[in-house]
Amino acid sequence: MASEVAEHKYQLNVKMTCGGCSGAVTRVLTKAQQEGSVSSFDVDLGTQLVNVTGPIEEAALVEKIQKTGKQIISVTSLDGSVAEVAAV
């Protein structure tokens, strides 16, 4: 079994209108980082972009962020594919 875990890179466009919104996203990503599923992340309220690097799969990442109640407008993976996410 390979000891290396693939690192994925994602950029998510998340509807965030205030510091509380970006703080909620930061909290779930900090927890994921402590659990080892996220290596690094950056939340930018001004551009409403969230950059995430780590072994986490796209579906699991989307689920974590959706639990904050924030709307994910799109997810772009490193391979350049863009997925539109339905509003919850």
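**Terms set against values**

Modeller: Leu61, Val62 and Ile65 are buried in helix 2, residues 58-66.

Biologist: What puts them on the same side of helix 2?

Modeller: They cover an arc of only 100 degrees around the axis, and therefore lie on the same side of helix 2. The arc is taken from the directions that lead from the helix axis to the C-beta atoms. An α-helix has 3.6 residues a turn, so residues three or four places apart point the same way.

Biologist: What stands behind these values?

Modeller: This is a predicted model, in which local features need pLDDT of at least 70 and side-chain atom pairs count only at pLDDT 80 or more, while totals for chains, interfaces and linings use all residues. Residues are numbered from 1 along each chain as its sequence is written, and side-chain values use heavy atoms, with hydrogens and water left out.

Biologist: Which elements do the buried residues of helix 2 pack against?

Modeller: They pack against strand 1 (8-14), helix 1 (19-35), strand 3 (49-54) and strand 4 (72-77). Helices (H or I, at least four residues) and strands (E, at least two) are DSSP runs, numbered from the N terminus. The protein has 2 helices and 5 strands, in the order β-α-β-β-α-β-β from the N terminus on.

Biologist: Why is Ser77 called buried?

Modeller: Buried means under 20% relative accessible area, exposed over 50%, and partly exposed in between (1.4 Å probe, protein chains only). Ser77 has a relative accessible area of 13%, so it is buried. Ser77 sits in strand 4. Leaving aside residues up to four places away in sequence, Ser77 touches Lys9, Tyr10 and Glu58, where contact means heavy atoms within 4.5 Å.

Biologist: Why does Val38 count as buried?

Modeller: Its relative accessibility is 3%, so Val38 counts as buried. Val38 is in the loop between helix 1 and strand 2. Among the residues that Val38 touches, beyond four places away in sequence, are Leu29, Ala32, Val52, Pro55 and Ile56. Val38 and Glu7 are 31 residues apart in sequence, with 8.9 Å from C-alpha to C-alpha.

Biologist: What share of the protein do buried residues make up?

Modeller: They make up 32% of the 88 residues.

Biologist: Which residues have the most contacts inside the largest nonpolar core?

Modeller: Leu12, Val14, Val50 and Leu61 have the most, in a core of 18 residues. Strand 1, helix 1, strand 3, helix 2 and strand 4 each supply at least two residues of this core. Helix 1 gives the largest share, 4 residues. A nonpolar core is a set of buried Ala, Val, Leu, Ile, Met, Phe, Trp, Tyr and Cys residues joined through side-chain atoms within 4.5 Å.

Biologist: What makes strand 2 and strand 3 a pair?

Modeller: Two strands pair if DSSP finds at least two bridges between them. Strand 2 (residues 40-44) and strand 3 have 5 bridges, in the antiparallel sense, so by that rule they are paired. Asp44 has Leu49 in strand 3 as its bridge partner. The two strands form a hairpin with 4 residues between them.

Biologist: What is phi of Gln48?

Modeller: Phi of Gln48 is near 60 degrees, a positive value in a residue other than glycine. Gln48 lies in the loop between strand 2 and strand 3. At 24% relative accessibility, Gln48 counts as partly exposed.

Biologist: What makes Lys64 and Glu35 a salt bridge?

Modeller: The rule asks for a side-chain nitrogen of Lys or Arg within 4 Å of a carboxyl oxygen of Asp or Glu. The closest N and O atoms of Lys64 and Glu35 are 3.6 Å apart, and the pair forms a salt bridge. The pair links distant parts of the chain, with Lys64 in helix 2 and Glu35 in helix 1, 29 residues apart. Lys64 counts as partly exposed because its relative accessibility is 25%.

Biologist: How many salt bridges does this rule give?

Modeller: The count is 2. Lys67 and Glu63 also meet in a salt bridge, at 3.7 Å, N to O.

Biologist: Why is Lys67 called exposed?

Modeller: Lys67 has a relative accessible area of 66%, so it is exposed. Glu63 has 44% and is therefore partly exposed.
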